[in-house]
Structures are given as structure tokens and as C-alpha cells.
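Dear colleague,

Please find below the structure that I am handing over to you. A summary of the findings follows it.

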Amino acid sequence: MLILCKQLLELNSKIVRKMNFYMNRSVETAVVSMCPMTVIGGGENYTQNCTLSVSNTDGCCDLYYPLQTLPSRRVGNTFCCSMFNQKNLEHSFELAFSEVLKSISKYKRVWIHQYLAFPEVYNILASISSNQSVLFTNHGLELNESDFWNRYEPSPNHLFVEVSNFSSQRTKRHVNNVMFEYAGIWRSDLDTLCNQAYSDKSTFFVSVGRILTHKAFDVTIRALRTDQVLKIIGSKNQHSLYQIFLISLSLFKDVIFLGELPEQEKFQVLSQAIALIASSSSQSLSGRPRENSELLGIVVLEAIMAGTLPITSNQSAFKELMEFFDLTDFIYRERDVSDLRRKMEFTLGLDDDCYGEKIQRAQYLLRERFAWDDYWSRIRKRLNDVRTTDTFKED
């Protein structure tokens with residue numbers, strides 16, 4: 001009995017210390033993801049880096065996310081709260097969604113990521129007071145899109161911060177208080193990777209992404225000659241039928257499915273490739289429109305950071321990036337296998353000097369405009385600018 005009492009006292013003491021630590025921290029911004037952060041993809045990486053950019057600039061930031069995909073219209077879900085100090089994870093603990101709703105009242109700003117994903121966003125909005133600022137960012141999971149825009153009521157303390165001009169224009173169909181700001185790389189990572197010698201590159205191509213139909217890996221495989229090599233980096237268990245289809249297309253071709261790789265290994269493969277091929281399509285295999293197949297194109301930024309030229313489809317978000325980096329010669333008509341093959345041959349025919357000049361120019365622009373290092377500072381400046389128009393108010 002004494003041992004049990006002692007254990008209970010120790011447990012209670014830990015809980016009290018945790019709550020005191022949690023409640024006494026002076027944190028202005030909370031990032032709340034509507035999607036789990038346990039499976040890492042482009043959107044999840046973006047959310048995590050947003051959090052790190054805030055904490056790196058302001059000194060701290062808290063990130064909330066569900067541990068499992070949210071079941072619709074239920075509040076009994078378990079969330080995780082990860083508390084960051086600069087770029088370090090200070091502390092992490094689990095809490096119920098109801099506790100999240102109580103906790104977010106203490107922040108000056110609440111930044112909701114994947115706000116179009118699930119109806120639980122309404123619970124969050126209902127828990128936020130009018131003197132708190134609310135930011136919204138979409139990463140493409142739009143299962144609740146129609147319902148959200150039917151229900152959403154604009155507020156002077158709301159601002160939509162989208163990941164690209166293309167994404168912001170989609171949001172502007174519904175609301176006016178919209179801005180976008182680019183980000184995607186840390187300058188320290190760019191400094192580490194940008195010294196790759198172009199003459200050391202192999203002649204294989206690489207594609208990166210979860211094996212899903214809108215990534216259009218089938219187009220890339222069809223464009224590959226039998227004497228060429230394609231390496232695909234990404235989770236292989238997302239769409240089993242599509243995976244089987246891709247394997248059948250790969251017969252008699254040298255296609256290597258590497259699966260998910262740690263970041264260091266992924267960038268090693270990227271830096272060795274002659275080109276990244278990003279074939280995402282605005283149409284499904286059956287021809288059904290899929291406008292949100294890409295909202296930015298992190299893989300394009302990662303390829304440039306690794307010193308590798310990207311070849312992309314003319315999907316709107318990709319086209320926006322390729323025009324920004326002056327790489328329009330490497331855009332092909334989406335789902336046009338012959339056009340992609342021509343771009344692949346064109347890239348293989350570049351001499352080292354031409355290849356190097358294009359990459360160096362793109363890396364300079366990447367450093368200037370897409371760094372996480374000053375991303376939150378740029379947004380805060382935009383918030384101050386917008387505040388003077390009475391569109392967005394932040395005390």
C-alpha cells in the first residue's frame with residue numbers, strides 16, 4: 001500500500017510539473033494541424049517547418065496534431081502537443097481534443113493547417129475569441145472543402161496564408177483576406193548540398209512522392225527508355241492497385257522503387273540524379289479534374305537545393321515555380337509521354353557548364369525567396385502591412 005501511495009504521489013507530482021511548465025510558458029503562436037504528423041509527406045513537412053520557423057524567430061512555438069486521422073464530428077480524439085524552443089523540441093505530451101480546445105485560448109495567434117480537411121476545424125474556430133488572430137493554410141487535403149466554404153463566415157481577425165500564388169487564387173474565389181508567401185528550404189541545408197559537382201552526376205532519373213495516382217508516375221515510367229534508369233522515392237503502400245499497375249508498366253524497364261528513405265539518403269539520391277521528374281497531373285487516370293494535385297511542389301525545391309534540374313508537368317503550381325526559377329525549358333505538357341521524353345533527352349544533352357549555370361541561378365533565387373529562416377519574419381511583416389487596411393486586425 002505504501003509503495004502504491006508513493007507511486008501515485010510521484011505520478012501526481014509529474015503531472016503538476018508538466019502542467020506548470022506548460023501553463024507558465026509565454027508562447028504567442030500555436031500551429032494546429034488537422035492531420036497526423038506521424039506519416040511524413042510534403043504537407044506534414046511543411047507544417048513542421050512552419051512551426052520551426054516560428055520558434056526560430058520568436059523563440060518558441062507549440063504544435064498540436066492528432067495522432068490518428070480525425071473521425072468526422074467527434075471530439076474524443078487524442079492529440080499531441082509538441083513544444084519547440086528555437087529549433088529544438090523541448091517537450092511533448094498527449095492530450096484529448098477537448099483539452100486542445102481549452103488550451104488554444106491562451107495564444108495570441110492560432111495557425112490552422114489543412115483547414116479544409118475535416119469538420120473538427122469548426123470546434124477550433126468556436127474556441128477562439130475575437131481578440132486572437134487566426135491564420136489558415138491549405139496543403140491540399142480538401143475532404144471538407146464544400147462544407148467549409150458554405151459555413152465559413154469571414155472575420156477581421158482571420159487571414160488565409162497560402163503556399164503559392166496558385167493556391168491563394170483558389171482561396172480568393174471564396175474570401176478576400178488572402179496572401180501567400182513562399183518557403184521550402186533551410187539555408188544551412190542548401191549550403192551543405194550546393195557544392196555537388198555537376199560532372200559527378202549519374203545519368204539516372206529520380207521521382208519523389210507517395211505512390212498515388214495524381215502523382216502520375218505512370219507517365220514518367222512510360223517515357224523511360226529501356227536503357228535508362230528511374231529511381232522512385234516514396235511510400236509504396238498508399239494505393240495498392242496503382243502500385244501493381246506501375247510494376248506492370250515497369251516490365252522490361254529499369255525502374256527501382258526505393259520506398260521511403262531517411263532525409264539524408266533521399267538527398268544523396270537526389271544529388272546524384274541527372275534530373276528530377278515531377279509528373280503530377282490536374283487530371284486523374286480516367287480524365288477527372290484534380291485541380292489540387294499540387295499546391296506548391298516541395299520536390300522541385302528539394303531538387304534545386306540538391307543541385308539537380310527538375311523536369312515537371314505544366315500543372316499550375318509546378319509551372320509557377322518553374323517560371324520563377326527561369327526553368328521553363330524543362331516543362332512538358334502533362335500526361336504527354338512524348339513531350340516528357342523530349343525534355344529528358346534535352347536535359348541529358350546539356351553540357352556541364354550550361355547545367356551548372358541553370359542550377360546556380362535557381363539556387364540563388366531559392367536562397368533569396370524560399371528560406372524557412374526568414375519565412376515567419378516575412379509573414380509577420382505582411383501581417384503588419386495588411387493590418388493597416390482593416391482587413392486583418394492584430395492587437
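In this predicted model, Lys 266 is buried, at a relative accessible area of 7%. Glu 263 itself is partly exposed, with a relative accessibility of 41%.

As to the chain overall, 15 helices and 14 strands are present, and 53% of the 395 residues count as buried. The accessible surface amounts to about 17,900 Å², with 49% of it belonging to carbon and sulfur atoms.

The whole structure contains 21 salt bridges. One of them pairs Glu 291 with Arg 173, whose closest N and O atoms are 2.6 Å apart. Glu 291 sits in the loop between β12 (275-278) and α11 (298-305), and Arg 173 in the loop between α6 (165-171) and β8 (178-180), so this pair ties together parts that are 118 residues apart in sequence. Arg 173 is exposed, at 56% relative accessible area, while Glu 291 is partly exposed, at 31%.

Finally, a surface patch of negative charge is formed by Asp 351, Asp 352, Asp 353 and Glu 357. Of these, Asp 353 lies in helix α14 (residues 352-369) and is exposed, with a relative accessible area of 60%.

With kind regards

Methods:
Residues are numbered from 1 along each chain as its sequence is written. This is a predicted model: local features need pLDDT of at least 70, side-chain atom pairs count only at pLDDT 80 or more; totals for chains, interfaces and linings use all residues. Side-chain values use heavy atoms; hydrogens and water are left out. Patches are made of residues with over 30% relative accessible area and no salt bridge: like charges are joined within 9 Å, nonpolar side chains (Val, Leu, Ile, Met, Phe, Trp, Tyr) within 5 Å. Accessible areas come from the Shrake-Rupley method with a 1.4 Å probe; for residues, only the protein chains shown count as cover. A salt bridge is a side-chain nitrogen of Lys or Arg within 4 Å of a carboxyl oxygen of Asp or Glu. Lys and Arg count as positive and Asp and Glu as negative; His and the chain ends are not counted. The place of a charge is taken as NZ of Lys, CZ of Arg, CG of Asp or CD of Glu. Helices (H or I, at least four residues) and strands (E, at least two) are DSSP runs, numbered from the N terminus. Buried means under 20% relative accessible area, exposed over 50%, partly exposed in between (1.4 Å probe, protein chains only).
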